[in-house]
Amino acid sequence: MEAAAARNAIMEFFQNPPSPSTLFNAYASLSASLMILRSTPNPIPPPIRRFLWSKIQNYFFTYRGRSLAIIIIEESWGAERNLLFDAAKVYLPRKVSPGSLRQVKMGKIPSQKNIAVGLPEEENIVDFFRNIKVTWRLISVQTETKPGNPGNRSFPFQKWHFRLSFDEKNREEISSDYLQHVLAASTSLTQEDRELKLFTHQPHYNPRWTSAYLQHPASFDTIAMDPEMKQSIIDDLDRFLSRRDFYKRIGKAWKRGYLLYGPPGTGKSSLVVAMAKHLKYDVYDLELSSIHSNAELRNVLLSMPTKSILVIEDVDCYEEVHARSKKVKKIKNASKTLENMKIPLHLMEMGKRPACTLSGILNAIDGLWSGCGEERIFVFTTNYKDKIDPALLRPGRMDMQIELSYLKPSAFSVLAYNYLTLRDGGHPLLEEIESILQYTEVTPASVAEQLLRSDDVDVALEGVVNFLKRKKMEEVNDADDEGSAATPGNSKRMKLSEN
Ligand SMILES: Nc1ncnc2c1ncn2[C@@H]1O[C@H](COP(=O)(O)OP(=O)(O)OP(=O)(O)O)[C@@H](O)[C@H]1O
């Protein structure tokens with residue numbers, strides 16, 4: 001009865017607010033009472049105080065007549081990413097109405113026309129489904145990683161989850177139909193006009209991947225390469241996309257590996273971008289040096305969503321993947337050097353940073369765990385294919401090996417069109433350039449650089465001709481030097497000068 005009277009008094013207070021002077025007097029006497037209370041020992045023990053306070057809160061501030069149902073959607077589900085969480089991240093920004101929130105995130109990137117609204121943390125986002133009100137909230141909890149990494153340091157670790165609340169009586173409808181609707185809507189939004197992203201792995205942090213929009217302008221239209229090879233890559237990607245049931249039927253994980261190899265500046269990175277744009281997949285760029293164990297590599301791969309491309313660039317730079325015969329030779333040489341330097345091998349080993357092993361990499365792309373997270377593409381790039389252990393290159397791991405070579409005449413016509421809008425036969429110098437290219441080794445990057453030097457078509461093409469002639473002369477001189485260095489007299493001279 002007394003509590004009901006107090007509630008009525010509170011309602012009365014809000015409906016007929018008192019005058020400012022009455023409020024001021026009440027505030028003054030309340031402050032005085034609190035000062036007196038604070039100076040005397042509190043007679044109620046803290047646990048009882050907390051219990052009473054929660055009862056008071058429940059009584060006065062809970063809306064009667066309905067109870068809330070809560071669903072928590074965490075970032076990961078077991079060891080894998082939670083697709084529902086990812087779907088909500090795509091779906092919800094469209095539901096944010098900036099006017100109704102205390103704090104909103106807004107931003108714009110060069111490739112977007114409009115200012116975008118981001119997903120705010122710790123704010124209620126309201127959505128309606130068949131007239132049912134659903135309130136979403138993105139919540140982050142900061143913890144620390146367990147030490148166990150090199151240096152035994154702990155790192156900040158942030159975990160996110162969504163908290164959905166709605167009327168209990170709609171539980172059935174929300175947990176099945178509504179969540180299915182969120183999944184479906186996010187899929188169509190993803191396919192529609194989503195900007196592709198480039199993710200980089202950041203060790204010891206959560207999220208494990210940070211992203212930026214993929215702004216690289218390359219596409220299959222702009223890549224200068226043999227037209228037949230280009231078409232065969234596009235066909236291979238399309239076949240991969242359409243073969244979900246096929247992979248299931250033959251009992252293989254739905255994934256494909258590509259090795260892109262060739263000299264620097266021949267378009268390996270550009271081809272990765274073109275593949276991502278064609279498939280509409282995000283790119284996950286992984287530096288193996290940031291991985292400190294096989295278990296970490298497996299967890300990093302599991303934290304990638306489906307429909308993604310994992311790229312390990314310049315894979316030959318990691319000793320872990322070197323051909324075993326070369327590795328053994330290297331270790332033998334290293335131990336000989338250590339012997340000469342009188343440094344015991346175990347001291348050298350102590351300074352070595354822990355890393356994943358070749359077998360860890362093979363298992364990650366082709367082992368038991370590779371089946372988790374389907375619709376994945378692995379791309380490794382290298383300038384030196386022969387340095388890589390053949391185990392990594394066998395079909396099933398690297399299903400297609402693509403050589404990006406020096407510029408061929410047929411590929412030059414793509415550059416001529418892209419840079420100068422010149423079609424075949426569109427300029428007298430094109431023929432000369434294409435004939436020099438047949439016997440000169442230049443990268444598409446270096447010719448592209450020449451084409452950029454002038455807007456005037458004649459000047460730009462003359463620049464290319466001169467550049468190619470210079471390159472050819474250098475090649476001839478180098479060959480002459482090698483030839484004369486190989487003659488007996490010269491080798492003697494070299495030996496003498498070495499001594
Ligand atoms: N095949 C190509 N077609 C069109 N442009 C190219 C091609 N190859 C290189 N380029 C130009 O050269 C630049 C560098 O190319 P890219 O980074 O793709 O080469 P890369 O083979 O990955 O080199 P690296 O091995 O040094 O990483 C590109 O931004 C592009 O402008």
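Biologist: Which residues are the closest to the ligand, and how many surround the ligand?

Modeller: The ligand is surrounded by 16 residues, and P264, G267, S270, P444 and A445 are the closest. A residue counts as near a molecule or strand if its C-beta atom, placed from the backbone, lies within 6 Å of it. This is a predicted model, in which local features need pLDDT of at least 70 and side-chain atom pairs count only at pLDDT 80 or more, while totals for chains, interfaces and linings use all residues. Residue numbers start from 1 along each chain as its sequence is written.

Biologist: Which elements give two or more residues to the shell around the ligand?

Modeller: They are α8 (268-279) and α16 (444-451). Helices (H or I, at least four residues) and strands (E, at least two) are DSSP runs, numbered from the N terminus. The shell draws at least three residues from each of domain 3 (213-403) and domain 4 (409-485); domain bounds come from an automatic or database domain assignment.

Biologist: How do the residues of the shell around the ligand divide into nonpolar, polar and charged?

Modeller: Eight are nonpolar, seven polar and one charged. Ala, Val, Leu, Ile, Met, Phe, Trp, Tyr, Cys and Pro count as nonpolar, Asp, Glu, Lys and Arg as charged, and the others, Gly among them, as polar.

Biologist: Why are α14 and α16 called roughly parallel?

Modeller: Their axes cross at roughly 30° and come within 10 Å. Axes are lines fitted to C-alpha atoms, for helices over the stretch in contact, and angles run from 0 to 180 degrees between N-to-C directions. Angles under 35 degrees count as roughly parallel, over 145 as roughly antiparallel, 65 to 115 as roughly perpendicular and the rest as oblique. α14 and α16 are therefore roughly parallel.

Biologist: Which residues of α14 and α16 meet?

Modeller: A411, F412, L415, Y419 and L420 in α14 meet P444, V447, A448 and L451 in α16. Contact requires C-beta atoms, placed from the backbone, within 7 Å. This contact has nine nonpolar residues, no polar and no charged.

Biologist: What makes α14 oblique to α15?

Modeller: The axes of α14 (residues 409-420) and α15 (residues 428-437) cross at roughly 140° and come within 9 Å. That angle makes α14 oblique to α15. The crossing is right-handed, the term for a near helix turned clockwise from the far one by less than a right angle, with anticlockwise giving left-handed.

Biologist: Why is α6 called oblique to α8?

Modeller: α6 (residues 227-241) packs with α8 at about 40°, their axes 11 Å apart. That makes α6 oblique to α8. I234, L237 and L241 in α6 meet M275, H278 and L279 in α8.

Conventions
Contact = placed C-beta atoms within 7 Å.
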